[in-house]
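I open these notes to keep a record of what I looked up, going from the whole model down to single residues.

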Protein chains: 2
Amino acid sequence: MAKQTKSPAKKKYVFFYGFGKKHTEGDASMKAILGGKGANLAEMANAGLPVPPGFTISTEACAYYSKHNSQYPAGMMEQLKAQLAKLEKMTGKKLGDPRDPLLVSVRSGAAISMPGMMDTVLNLGLTDKSICGFIEKTGQERAGWDCYRRFVDMFGDVVMGPSTGLTHHDFEVEMQRLKDKYGAKEDTALTADQLKELVDIYKRVYQQKVKKPFPQDPMEQLRLSVNAVFGSWNSERAEKYRQINKVTGLLGTAVNVCTMVFGNMGSTSGTGVSFTRDGATGEDKPMGEYLINAQGEDVVAGIRTPKHLEEMVNEPDPLWKKMYAELRAIMARLERHYKYPQDVEFTIEQGKLWMLQTRNAKRTGLAGVRWAVEMATGRDVFAGKAQPKILSAKEAVLTLHGNDLEQLLFPIFHIEEEKKAEVIATGLPAGPGAGVGKIVFYAHDAEAMVGKNKDEKVILVRHETSPEDVGGMWAAQGILTSTGGMTSHAAVVARGWGKCCIAGASALHINYDTRTVTVGHNTLKEGDWISLNGSTGIVYRGQIGTQASPVVEAVAHGNKEARKHPIYKMYKQVSDWSDEFRKMKVRTNADLPKDAAVGREFGAEGIGLCRTEHMFFEGERIWAVREFILADSKEAREKALAKLLPLQRGDFEGIFKAMNGLPVTIRLIDPPLHEFVPHGAREQEEMATRLGLPVEKVAQRVKQLHEMNPMLGHRGCRLSITYPELCVMQTQAIIEAACNVEKKKVKVLPEIMVPLVGAKTELDYCARIIRSVAERIIKDRKSKVKYLVGTMIEIPRAALTADQIAESAEFFSFGTNDLTQMTFGFSRDDIGSFLPAYLNEKILPVDPFQTLDAGGVGQLVEMGVKRGRETRPDLKCGICGEHGGDPNSVKFCYKVGLNYVSCSPYRVPIARLAAAQAAIVR
Amino acid sequence: MAKQTKSPAKKKYVFFYGFGKKHTEGDASMKAILGGKGANLAEMANAGLPVPPGFTISTEACAYYSKHNSQYPAGMMEQLKAQLAKLEKMTGKKLGDPRDPLLVSVRSGAAISMPGMMDTVLNLGLTDKSICGFIEKTGQERAGWDCYRRFVDMFGDVVMGPSTGLTHHDFEVEMQRLKDKYGAKEDTALTADQLKELVDIYKRVYQQKVKKPFPQDPMEQLRLSVNAVFGSWNSERAEKYRQINKVTGLLGTAVNVCTMVFGNMGSTSGTGVSFTRDGATGEDKPMGEYLINAQGEDVVAGIRTPKHLEEMVNEPDPLWKKMYAELRAIMARLERHYKYPQDVEFTIEQGKLWMLQTRNAKRTGLAGVRWAVEMATGRDVFAGKAQPKILSAKEAVLTLHGNDLEQLLFPIFHIEEEKKAEVIATGLPAGPGAGVGKIVFYAHDAEAMVGKNKDEKVILVRHETSPEDVGGMWAAQGILTSTGGMTSHAAVVARGWGKCCIAGASALHINYDTRTVTVGHNTLKEGDWISLNGSTGIVYRGQIGTQASPVVEAVAHGNKEARKHPIYKMYKQVSDWSDEFRKMKVRTNADLPKDAAVGREFGAEGIGLCRTEHMFFEGERIWAVREFILADSKEAREKALAKLLPLQRGDFEGIFKAMNGLPVTIRLIDPPLHEFVPHGAREQEEMATRLGLPVEKVAQRVKQLHEMNPMLGHRGCRLSITYPELCVMQTQAIIEAACNVEKKKVKVLPEIMVPLVGAKTELDYCARIIRSVAERIIKDRKSKVKYLVGTMIEIPRAALTADQIAESAEFFSFGTNDLTQMTFGFSRDDIGSFLPAYLNEKILPVDPFQTLDAGGVGQLVEMGVKRGRETRPDLKCGICGEHGGDPNSVKFCYKVGLNYVSCSPYRVPIARLAAAQAAIVR
């Protein structure tokens, strides 16, 4: 910018469009400068479509205006005048001409669609003089005055309103008064004379508020309108919108000055909007509305109820049937041209169709997938009907957003029922899908209720969940927490299972004693029904009907019938394409054989993270773990571990079988020991009794395990270094399990992963134990099992010293959850108190626990890969943090050369798609 | 090594020395290969000193031997034989010659002195045959048999002992039996025949344990001895020693084979050791011992009580006076030659002086400083007597260890009293000096007792301290904690004040209820006297007398008389030299005017870190802080802050005045808010009463402030972003204070520092507030105050994105405490549970909170400086973590181009010295 403003006279700020390719100066590629609307108008003009001609003032002019205290850049005004003169010459009309005036609309348009900015001023150029010429030339007296009163209203409201307080309402009041006076029910019932009277009234209203008469110089009207558009870029509403929607990097808005066409010139005129295909279901059928004898604002403002587009063919005047056909043809042409369904605006002026705008249509995930599949296969997935093929498979894959597939995977509410349901709170959409059930407050209650009656549906409601709650979480239909973020325990576990979860619904006041939850004045009690929409974060009172996902039925539950469902077919098609194009592997995170199997069915090519400690909580095992923790000597610890060994070995056998032929990365114990002991007095007493110890000893040990910052405490490989016998037992369980299943012809590829390594010496220490235990077993059993020893890279220092660590590590797995915590200095359990402010103030563009922070944490990932491979060129690198299932993060992983990403089973298809997109774009 | 072993035949493994420069193949620079002893023997031979000739087998041979299963490198044995032949030729004696045998000693010697390895075998070459030649040639029958029995004993114990269990004791028993038999009281009373008898007995003892006769082939004796030395390098004791003393990077030990000289040839022979100067006090006076008619081991083993070296001049035989003069002359020459006081071994054989070894002498910090000052100034600092000038000032500075100055700064125990005192526990030497007082368990008690009687001496004994305790900590003579490490709250605060502190004395069991502390079977109660040696970490029962440091008297207490004390003069001299040579600035960390003044007196050139929150605890302020925390609205928070404003402003005025003309870096509030609220029910009630709030509300807010990982929680700039009014108030206090003192002609240079920044946007947000508030005040007051806005670099991401952050930051200060925590993933409050294992297992070479981890954390510091200066070439960079006072870390800081280091006031002289050393070496 700095350079450009130095020689502003040479810079082009105003671009002409219309009258075909020859005269049009822009195209669709110039969105950054012309805005979306301007670029598409130019593109349509280039394509020879009927676009009312005009010109676009560039976003760069807006940027200059914003930065230079509302001054235009040098040369802009001259260019504007020159383009206006060209427009006047080519249309044969002149702005403000009392005989045949050119009327124009002025519309904002940034590079992406953005509510909150000044939208539209229509009919600009009308004055007390030019109105006569307009009426004379068109013969439309009533339409003329209707245009004029609309113009005064819009100009007053939109252009002058922000500085004077004048609003549309001020005019509406007068219109109503006039309608009452003449007994007119609808606006259209007002006669030309009545509208003329209204114009006079409107001008008085204008003068009262603005303290100046309504401007009669069309150039002044135009100048003020341009300023208003520019000014609205920095309006509070627009800023807020950009903040909320994380819109960054735009210069400003463009201003489109377009020749007016009139949908309000009687019964052969009209205006409307339409999607070229259904944006909700994805069906290949236009979804639009129109109004006869109206200007565009009427459709949007809802003054009159518009008709469905298809009704056009039933209008009494056969002209409309023709118009419909023309419009459909243009819509089809636009889809082919843009290779994407469009959202268009059109006006019909006395039987002539004009296209005012086109843009890529917005849609649901389901519709997005259907569009992509149908546009590329040329076949309706539901009806089987043939369609034109518009896209190649690669192009189709690129039209999808990362999370579109998600909507195919989870049960969803019946849309109409959800619309009517009572919202009681909102939280973070932490686990996908819909969940309906009775409120329970304790995990053991949830387990017990479902244990007694397997059709019982419960929702577990907690301040937050802990590893002890997993049984109840699994039993529940959904989980609702009042604290915690997108990566809280509840959220991570729920997503891992594809289970519905809403986290951090802070309006909930949970009272465990009374077993009630209060929101505002509402109190719900245990047993009351609630419904959670885990995709939006909304909590509803009562039961909303749901429908299951055919994809999950087919994939995870092996329901063969579900494979015939069109939604499954779409999923399958996208997945097949993903696998065809992607070059990076996708694994799954799974701790249990059943999760591993689901991940594999969803296309995972191995396990990227199997957390051994999750196995420690199940059933009786926790008691062996606790015995270990309370033990006073190495011998006593080994005795306790000996009880765990066969159980762990059994788990690993199950996982190895489920992943036959695929690699399985097993992480040694990671969490601090205090997570395995109870903190309540009653539970400690129980523990003392079971372990035959004085309760004081239990209490003392629990206290001793307390840490100020457990995240940075005695955990990960630090446990294996202080208690090497733990590392011995786990290695033994893994390798013995591998040997056992290998005998049963299972192909097993264990990768033993040491967590929380920050220095090569830590890995050396653990790897020495692992390799010596493993070699001994393999030799004793005369087995041929091959295994790898590698490490998590999750501590900044590990990435910084990856060249050294790679001397001992045969693979790296980036643990970007912890790496993000330490690189940012953010405890993800505690960011709730400041993250909202950070996102609001745009201090962070997104939650870095959801999307990998490429600029900071990503530097360490890239450094880790690069340095690691300097030492060991064939070093296998993957990622096993939550980011492995986030589309943007997956793309980053591909860019920095990871061999695989790993994510929860239900995100595997999403990761596969993102990996394909990354490979195609590259 | 790999390359060298490929052509081993060409490699030189055995180096000759003796007979002057012409024949000597090594020198003092070759310590890595010849070991310290071998290199110094060669160096002395080169200098023409009387050294018994011999040869040295290199450390590289030892390394090869260790790695290749006890094989010599090819060529070594041939070289050894050739050098032996040369030695035989030049001495005219032959090993094992029955007429005139060459006897040798075999001694280990690594590059640094290291106990635990095989030490010495004397008289090697004696056999049943050669003993006759020896006696015949020397005429010393008794000495001959004495040598032989010593040889059998040493060879059996040292060479064969490790593999057979034979020990010195096995021989001692026989010696005693023989002495009893003949009624001999002392060894020297045994006659030649009796000793001959003893040799036979010894050989039998040998054969019994070794199952082989005592070897009669001298080459076999030599080979076995060399193997024993090589083998001892990997002995458990030697490994342990290297571990404990963090000795790394050595190849192995060398083996010195030296012609024997005999101190046991009657009354004109003798042996001894001496320091050239006193290693305890530093006085320029030899400190040594000798024995007449003895071999070296007798001095060391303490069989006979040696005499003080000076007594030599009083021996009846005037020969000894001459010997003394010769020895003194050689010692003086060695000091000049090595430019450092020496620790020598010598033997006098029938009136001829031989030097057997020399090495740099070990000494106390006090002695080290005295040596440096006296050797460079040529004047005794106590007596004023002239001495030869041996060193330049630069050389003198380089002889000092970083912490030597520390011993000059703190009160110390009277040495004799301390020796006799009863040790009750040990902990970490967390705060320097000596502290004596009565036990108190509560900070408020400490304050109250000293408040009532200012001569009351108390020691505050706590599990750990917290910011609420600072009043009592200040009042106490010393602080003793049972948990926490070198960087725990107690340790950091105590060091900041130069106060005695022992942390983590885990044997203490403190019972606050009974007000007792139990160690093992001892129970001490409140009011009992204890004494702490903060430099060693030892806790004593009772009162030990102390003496104050004249340096502190002079510098910190302004006692002019103390400036005349020689210790002060030495301190002053070293400090002056430090300032002359160093190029990096040294600042101090200080929160209060009195600390700032002390730091300045110790030579600080500004404040590198003024922690504003420490001011929040004093007196009534805490109530305003708590009101702020409990407030429900921004207005209420601003009201509470308005009470703090004048107090903070007053503090800053005091600090600015104390640092007139020097820059003051003020860090905005850093700790999480929960540090300011009480966690006990009683205190919360008090708080509720004072603030006029329901106690539930207080309890709820305290609970809400609880964090899982407060280190990574809502603190630092995150507070200023969620509560911008806090940033406003602090800026106001700083800038208003600056304007106020400026009017009083104080030159004020405030540097406002934003803590815990991880992203440029965070700093932008805070800097915008700071600059707008500051500019407004400066403009209103028509002031000319200049200020800077900068940031801590203490989060890994800040270092990674330093190029961006430097766009907003005018200076960087590396907060290496937190940076170390996050880069390693270590909570310094919690490392106690695994750090000891990490140091033991050599997983970490040192505690990274004490010495900056150059390889990991240091990478981020270097990256931060480099990237920051890419954006802003003149970016001022400093360090304000605890590392700023650690000599090695200071050197690192200089290397990476920091402009200054900042440390606690009492470490400023140490940092100045380290900075000087860094600049000289560079």
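The entries below go from model confidence to the pairing of the chains and then to single sites.

**Conventions.** I work with a predicted model, in which local features need a pLDDT of at least 70 and side-chain atom pairs count only at pLDDT 80 or more, while totals for chains, interfaces and linings use all residues. Residues are numbered from 1 along each chain as its sequence is written, chains are lettered from A and ligands numbered from 1 in the order in which they are written, and side-chain values use heavy atoms, with hydrogens and water left out.

**Confidence.** I looked first at pLDDT, the predictor's confidence in each residue from 0 to 100, and found a mean of 91 for chain A, with 97% of its residues at 70 or more. Residues 1–8 of chain A fall below 50, and this stretch has 7 contacts in the model beyond near neighbours in sequence, a contact being heavy atoms within 4.5 Å. For the complex, the predictor gives an ipTM of 0.81 and a pTM of 0.82.

**Chain A as a whole.** I noted 37 helices and 33 strands in chain A, where helices (H or I, at least four residues) and strands (E, at least two) are DSSP runs numbered from the N terminus. Its C-alpha atoms fill a box of roughly 105 × 60 × 55 Å along the principal axes. Of the 922 residues of chain A, 60% count as buried, which is to say under 20% relative accessible area, with exposed meaning over 50% and partly exposed in between (1.4 Å probe, protein chains only). Among the contacts in chain A with a separation of 6 or more, 68% join residues 24 or more positions apart.

**How the two chains are related.** I then looked up the superposition, done by least squares on the C-alpha atoms of residues with pLDDT of at least 70 in both copies. Chain A is brought onto chain B by a rotation of 179° with 0.1 Å of shift along its axis, at an RMSD of 0.2 Å. That is the relation of a two-fold axis. Within chain A, the residue whose C-alpha comes closest to the rotation axis is Asn709(A), at 2.1 Å.

**The interface.** I counted on the contact rule here: 43 residues of chain A touch 43 residues of chain B. The copies meet through the same surface, because 100% of the interface residues of chain A are also interface residues in chain B. Chain A and chain B bury about 3900 Å² between them, 59% of it on carbon and sulfur atoms; this is the accessible area (1.4 Å probe) that two parts lose on being put together, summed over both. The rule finds 2 salt bridges across the interface, each a side-chain nitrogen of Lys or Arg within 4 Å of a carboxyl oxygen of Asp or Glu. One of the salt bridges joins Asp853(A) to Arg797(B), with the closest N and O atoms 2.6 Å apart. Among the elements that give two or more residues to the side of chain A that touches chain B are helix H30 (760–780) and helix H35 (857–871).

**Helix H24 of chain B.** Is this helix enclosed or open? I find that 10 of the 10 residues of H24 (621–630) are buried, so the helix is largely enclosed by the rest of the structure. Its buried residues, including Trp623(B) and Phe628(B), pack against helix H25 (634–658), H26, helix H27 (695–705) and helix H29 (724–743) of chain B.

**His674(B).** I located His674(B) in the loop between strand E28 (663–667) and helix H26 (681–691) of chain B. His674(B) is buried at a relative accessible area of 13%, and, not counting residues up to four places away in sequence, touches His679(B), Leu705(B), Glu707(B) and Pro710(B).

**Tyr540(B).** This residue sits in strand E24 (538–541) of chain B and is buried, with a relative accessible area of 5%. Beyond four places in sequence, the contacts of Tyr540(B) include Phe413(B), Glu418(B) and Ile530(B).

**Ala604(A).** I found Ala604(A) in the loop between helix H23 (593–601) and strand E27 (607–611) of chain A, buried at a relative accessible area of 5%. Leaving aside neighbours within four places, its contacts include Val586(A), Leu662(A) and Val908(A).
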